Amino acid sequence: MTVVRRALPRLGPVLVLAVLALMACAVLAPVRAQAAGGGLDDVAEALRKSPVYVDPRARDQLSEAGADDLAKKIEGADKPVFVAVLPESAEFPPETLMRDLRTRVGIAGLYAVRLGDGFRANADSSVMSRNAVGNLAGAVKRSHPGDPEGLLASFVDQATEQAKGQAPTAWSGSGGDGGGGGGGVLLTLGAVAVVGGGGYALYRRSEKKRRRAELDALRVVVDEDITAFGEELERLDFDPSEPGADDAMRQDYSHALDMYDKAKELMAVAAEPRDVQPVTAALEEGRFGLATLAARRAGTPVPARRAPCFFDPRHGPSAVDALWAPPGGTPRDVPVCEADAGLLAAGHEPMTRQVQTAQGPQPYWNAGPVYAPWAGGYFGGVGGVVGGLLVGTMLGSMLSAPSAFADTASVESTPGGGEFTGADFDPGDFGGGFGGGGFEGGGDFGGGDW
């Protein structure tokens, strides 16, 4: 400390503040992420102040730097995501741990717990659906066997993109003390923490700028889709009072119009990239309505509900599955419209929907995670088709993860994250234990198991 004190007079005011900020960060980072070992009440108290808690007895599972990185990521995203890393102990009975932890914290959110070598995640339904949590937890467990730090980092990366709601206000600017005895340090370095907070504020502004840029890119593509759907409605030239029109036709037409209006309204209020998913889901549903109406007018069988055409969802519902392989990938069946099926049968490559990227125009499935909400609205509601189609290829790796098409925010839903609810929550969302059977509706991913 003597060396630092002697050097300070030679530094300008800005450099002095920078040195003090670095000293504060070195002290505060482990304090907020790692607390003195205690029972579940201590864990809950720590999580009310900071999104990440690491029990000292479980430090081999997550390093101090890793814990601090996770906390910054969660706080920067402003999402109600809670992470606890705990040792196997009688203090933490696995059968009731998730439910008891949620009760003690008392805040609606997405909770992830590493207990010994096991991992489990649960969430209030207002923050993330059971299917989405199960898919996400299952995906990261399979991707990071034996790598707890990588597992938690991957979980947080995707959870902060998908979770609804906002972070608890208690996290804002507090840095948290992790439930440990660091109050004196925080008071002593209070002024310095303000300086360090400037870097954190820049980080949050950077995150918001990134999300705005992603939404702007998505808006271009979605606006094209909405315009194309409007043109289809005009070309249809259907008059509800025309000869031969019946109630079923009028209902199809009315529903298609409703979905067109809904897509425009949802896009007008979209504030995050994830808000795009319900927009394209409405367009997919509207196009199926048009396909049904066209079949009724032609006197042909009403089509079965199928995924949109893989190559371009604007083509409407697919008619058949056809064999196709992406460059460098293995052949697989993809849902295609009749026109594209004909091109494939003739040995030609159909024109794939192109979107703009930093590397220029790319097929949407090779454009990176920014377009996942757009594709998720079209394909997520019918079994996450795109993710399964591209598994094992170098293209569209983001879309191949089950979590890419998990439930994301709906403009019609009420954000529930960050709200203090105490013990007033659905215990079914936090059911199951160490040897439990997983989430209801979690499918084969088994994300609810430890």
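Two strands count as paired here if DSSP finds at least two bridges between them. The legends below describe a predicted model.

**View 1. Strands S5 and S6 form an antiparallel pair.** S5 covers residues 320-324, and five bridges link S5 to S6. Within this pair, leucine 323 lies opposite aspartate 333 of S6. Strand S6, residues 332-336, is mostly covered, with four of its five residues buried.

**View 2. Strand S3 is largely enclosed by the rest of the structure.** S3 spans residues 110-115, and because six of its six residues are buried, the strand is largely enclosed. In a regular strand, side chains alternate between the two faces of the sheet. In S3, Leu110, Ala112 and Arg114 point one way, while Tyr111, Val113 and Leu115 point the other way. Residues of both sets are buried.

**View 3. Strands S2 and S3 run parallel.** S2 consists of residues 81-86 and is joined to S3 by six bridges. Valine 81 is placed opposite leucine 110 of S3. Between S2 and S3 the chain passes through helix H5, residues 97-105, in a right-handed β-α-β crossover.

**View 4. Strands S3 and S4 form a hairpin.** S4, residues 118-123, runs antiparallel to S3, and six bridges join the two strands. Tyrosine 111 faces asparagine 122 of S4 across this pair. Two residues lie between the strands of the hairpin. Glycine 116, in the turn, has a positive phi of about 60°.

Notes:
Residues are numbered from 1 along each chain as its sequence is written. This is a predicted model: local features need pLDDT of at least 70, side-chain atom pairs count only at pLDDT 80 or more; totals for chains, interfaces and linings use all residues. Side-chain values use heavy atoms; hydrogens and water are left out. Buried means under 20% relative accessible area, exposed over 50%, partly exposed in between (1.4 Å probe, protein chains only). A crossover is right-handed if, with the strands pointing away from the viewer, the path from the first strand over the helix to the second runs clockwise.
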